[in-house]
Amino acid sequence: MEPTDHVKAHLMTAADLQRVLDRMARQVAERIDPSADAAATFGLVGLQTRGVHLARRLQQRLRDDDGLTVPVGILDATMYRDDVRLRRTRPQVKPTDIPFDVTGRHLVLVDDVLYTGRTSRSALDALMDMGRPASVHMLVMIDRGLRELPIAPDIVGREVPTLPGEEVRVRLREADAQEGVWLVATDGTGARAG
Amino acid sequence: MPDTPATATPALQHRHLLGLATYSADEIRRILQTAREFREVLERPIKRVPTLRGITVCNLFFEPSTRTKLSFALAEKRLSADVVNFSASGSSVSKGETLKDTAQNIEAMKVDLCVIRHNSPGAAHFLTRCINGVVINAGDGAHEHPTQALLDMLTMRDHFDTFEGLNVCIIGDITHSRVARSNVFGLKALGANVTLCGPSTLLPVEVERLGVRVTHRLDEALEGCDVAMALRLQLERQSAGLFPSLREYHEQFGITRTHLTQHPDLLIMHPGPVNRGVELASDVVDHERSIILSQVTNGVAVRMAVLYLLAARPGDDAA
């Protein structure tokens, strides 16, 4: 949690997260054409940073449960944000590494929280600059509503209606000390990022 | 990333990039880190991102320059900024217009950011007092050339995990070199050991006060050295009597294959353009341990990072 957070609700425990990821892995598997070679026609694209960890966990499940080899790409959409002129601070640019050609491939964009839809818009633009995917679907752990753009997820871990002053914190052991999902209120006037 | 507010590492403390003398180690690290990520864009089939869309950059070049000018122009285009170019020749400067008037006219055209190269030390500082936009120094006389030093440091960082304890020697005309000055400030800030080497006529007096080692002997400079950076020798310094002949300079300060054999891990850098057979023997320039061309590639990435981190922020606008 951030220092200014007041926890309002513990939305998901570590066990809840595992269960929901199992279910979402099934939903991803359903979208993979069984007659095609998944490694060559399908790909998961994790958005920095927690989307990357979620994508890796899904990749593991698809390998263990379905025997499917699916590549994972890493995407940072910072360079495509629409608010460079509006912010006092510059968000840190993180690595982008898509180790496959996106053209003609079916992609699933993976992120932890869907909020305004602006990050997803940036991510879609970034993907389109890299080629022409056959399709792009969107998977998010939490859909907290309050969209500012016409963006809709295809696979959702859990829908959580929230208010503008609140934040949803998805914490994963790969990146954080804890694991789970929390609804918090923030003191700060933090700009709406995602 | 969505719900972590702004991934809030603070932006640079400085509004302009005039030199590295006042930049902190954290600020330099932030620029280098950002540049590493921008490098990925340069590997793509479509080498362009929309990051600086709507931001206008003016390149003010009062002095001839090929690679710095090209490198800035490419960096600006790769970030989708709108670019206007101005060079002293063919402009009203040749009609006697002052730097201040030129700058204010350009500012009146609503430019957000100015990149300036000028033969007078302090020209970039002066510009910050004339205009409201952000100023990036692309070389001012013998003062500083910060983006060159940053790209040099990015290139070194690719070969070494840390600057702490790294031994770098800079060889040549230190007195007239803005590249040397910026590198000394940047490298010292990050904890490297810097040795300056050159004929005493081309070494400034009391330069030791910058916390560097000074020697007039190349073999002494290269002892235990990780990176040797040779500077371009301006040939007009010979007519000024600062060194007797190119051949004698090469004999004393030119890096040859023998030096590479004696120091099997030594890397060679040069800010370009190289006088082959003067600062560096021709086969040293083409040697696998010469990393001169990666310096050029890194130049675009570093300038993208600087533009991204400094581009106009809210409240900065004059309007």
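**View 1. Packing of helices H5 and H12 in chain B of a predicted model**. Helix H5 (residues 146-159) and helix H12 (residues 292-310) of chain B pack at an angle of about 120°, and their axes lie 8 Å apart. Axes are lines fitted to C-alpha atoms, for helices over the stretch in contact, with angles from 0 to 180 degrees between N-to-C directions. Helices are DSSP runs (H or I, at least four residues) numbered from the N terminus.

**View 2. Helix H1 of chain B**. H1(B) covers residues 25-42 and reaches 26 Å from its first C-alpha to its last, close to the 26 Å expected at 1.5 Å a residue. The expected span is 1.5 Å times one less than the number of residues. Of the 18 residues in H1(B), 14 are buried (under 20% relative accessible area, 1.4 Å probe, protein chains only).

**View 3. Cysteines B:Cys130 and B:Cys197**. The structure holds zero disulfides over all chains (pairs of cysteine sulfur atoms within 2.5 Å). The closest cysteine sulfur to that of B:Cys130 is in B:Cys114, 10 Å away and too far for a bond. For B:Cys197 the closest is in B:Cys169, at 6.7 Å, also too far. B:Cys130 is buried at 12% relative accessibility, and B:Cys197 is buried at 0%.

**Notes.** Residues are numbered from 1 along each chain as its sequence is written, and chains are lettered from A and ligands numbered from 1 in the order in which they are written. In this predicted model local features need pLDDT of at least 70, side-chain atom pairs count only at pLDDT 80 or more, and totals for chains, interfaces and linings use all residues, while side-chain values use heavy atoms, leaving out hydrogens and water.

Technical notes: Helix = DSSP H or I, 4+ residues; strand = E, 2+ residues; numbered from the N terminus. Buried < 20%, exposed > 50% of the residue type's maximum accessible area, 1.4 Å probe, protein only.
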